[in-house]
Amino acid sequence: MPFWLGRSVYTARMLNTLSTRWPIIREWLLFLGTDYVYRECVDRSMRILAKRAIVDFLGICRHDTLGDSLPMVLSSPGIISLLFSLWDLETKDRHFSSCVQDDDIPGPPPIIRTPAILDSWMCTFSETETWNWHEIMRPFNNDGARIAATALDHLEHDLAQHPIDYDLIIWDIHLLTSLSVNNTIRIPLLMQHSMQKTAGVITTMVSQRPHCIKQRHLVAKAISYACWYIRAYVEDTDGLPWISEVLEASLLPSLLAVEPWVRYLKDNNDEDWEPLWLLLSGIFPKYAIFRSVLKVMGRSIKALNAVKAVDRPKPDGPMHKHWSTLEALVTTRLNLLETDDVDEAHVDSCQSSKCNKSGAAGTFKRCAGCLHVHYCSRECQIYDWKQGGHQTYCRGIQARRAKGIMSRISTRDLRFLDRVIASDLSYHNERISRTAAIHAPGPAVVEIDYTCIPFRIGVGCTESLPVPDTCKCDQLMQQKWDTMVELARNSKTPGQKLLIRAFIPCGSAPKVKLQLIPIKRILPGYDPSQDHDPAEASDTFDHLYSCAGISFTIVDHSYPVETLRLMSKEMEALTIEGKENTANPDQSA
């Protein structure tokens, strides 16, 4: 900031000028933009100087000593749009970038960086939940993908500079996080690989070797901010695509190298590094339930263990506990990955409430709309569409997928999930058998929550473990659970039945795996190859339920007023598009 802002007499004059002459000043700022910066017939040096004048003046207005004037500036029509358009211009023509030092440009170098001003403005908006999205989006024609591309372009460009300006990296990442409050920007950011690029920031930062303590503090802060962004949105939508993306970007080795930087943030504040600890011991481990994620994590950990030069977390260091949690769970699950699954029984169930027939996986047809449910016949599909509530569910799923909000879980991941559930049931078979005996001959209930580490398992009956509230957008899971209970109670085959309800970590969209099996399948010595009773098929059931509504992220909960306002508009748009895209079952079967 200019030195004179530190002197009260000049600050008072500046405040007085802003308060009395702001309308004229605003007109001059807009005039410099339209008649100089954006007119290609004007000499480029003059255009650059005009751009610098606008940025420097608006940057000065955000100074603490002039704090009373900032609301007036931000509420003025055209000012927010003007600065965002200049920020966009820096990516379209690098001559306008504040990183470029051009000796041919007369006058002083730029005082203030555009991302610094925008970052502080977004912080101001967040404090009061008063984002002016109309002004922010106007330079980009209300296209969230364009503003996302500009933000990522800035980050990549600033990361490629030599030497790196660590302040710029911090502003870029913080601005990414702030813009992501808006779902129309967040989804395009994710689709344009913001997770991969933010993981690249961590990889680059941990390799830095600045000599100045202040620079080391900035490197640590950049790493912390990158961890915050990944933690905030890696579980957005379905979670699974972004978890896979950051792991494929070699994030685990980079995170292992973060420990020496932890001490450089003031007071070794746990809050600064909370996202890092949560990623290592909370988020990544629970996604090891998916085969695709487990394989990537397994390769990374094996490679790290094979290299002796890699510094392991110190036993008394802050990272040891969190890394050990991840490593232990991945190692355990890798043993399941290597087992032979030839004799495993995977089941598909017809979702029509008038049928509920089950058969070997692959024998039924899957709905081509939601890609979640199966039917044994065309008649059952039409009945469920018209009478069973699938029409509403399928529309919601398709609308979310069309917006990039949902992806499908692969067949191999689903079958590995069955294997994990079966393994955990077998491990706890004594506890399950004891509780089941108390409630015999009625069905026993096992509830497994894989959305937390360590996972939780509860055993009881239908009365002691009722279906919890997971999603208010529809009642499909409750209906399917009631169907399973009736099948178990009306079974005509001998032996007690086991109702299984497993909560699956799939980002902010709840997913629940529902299964009905004979309890003998979890007991020691059970051999599926000797089980040929065809009546058993009527006593099994399998369903994967997914939330078909709008989901909330951790950052959304921080700004409930703005999030609810934006998401009410988004939900309305999804509903309208869903109705247009799936008018009848012929389009989804």
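Let's start with helix 12, residues 240-248. Six of its residues matter here: Leu240, Trp242, Ile243, Glu245, Val246 and Leu247 are buried. Buried means under 20% relative accessible area, exposed means over 50%, and partly exposed lies in between, with a 1.4 Å probe and protein chains only. Helices are DSSP runs of H or I with at least four residues, strands are runs of E with at least two, and both are numbered from the N terminus. Just after helix 12, Ser250 takes a positive phi of about 60 degrees.

A word on the model. It is predicted: local features need pLDDT of at least 70, side-chain atom pairs count only at pLDDT 80 or more, and totals for chains, interfaces and linings use all residues. Residues are numbered from 1 along each chain as its sequence is written, and side-chain values use heavy atoms, leaving out hydrogens and water.

Back to backbone geometry. Asn141 is not a glycine, yet has a positive phi of about 55 degrees. Asn141 sits in the loop between helix 6 and helix 7. Buried or exposed? Asn141 counts as exposed because its relative accessible area is 62%. That loop, between helix 6 (133-137) and helix 7 (144-159), also holds Asp143. Asp143 is at 33% relative accessibility, so it counts as partly exposed. Asp143 and Pro188 are 45 residues apart in sequence, and 9.6 Å apart in space, C-alpha to C-alpha.

Leu371 is another non-glycine with positive phi, about 65 degrees. Its loop runs between strand 3 (365-366) and strand 4 (374-375). At 25% relative accessible area, Leu371 is partly exposed.

Now the cis peptides. His162 to Pro163 is cis, with omega near 0 degrees. Pro163 is in the loop between helix 7 and helix 8 (166-179). Ile453 to Pro454 is cis too, with omega near -5 degrees. Pro454 is in the loop between strand 5 (444-449) and strand 6 (456-460).

Last topic: cavities. On a 1 Å grid over the protein atoms alone, a cavity is a set of points where a 1.4 Å probe fits but cannot get out; lining residues have an atom within 4 Å of a point. Points are joined across faces, edges and corners, and volume is the space filled by probe spheres set on them. How many cavities of 30 Å³ or more? Four.

Notes. 1 Å grid on protein atoms, 1.4 Å probe; cavity = no way out; pocket = protein on both sides within 12 Å on 5 of 7 lines; lining within 4 Å.
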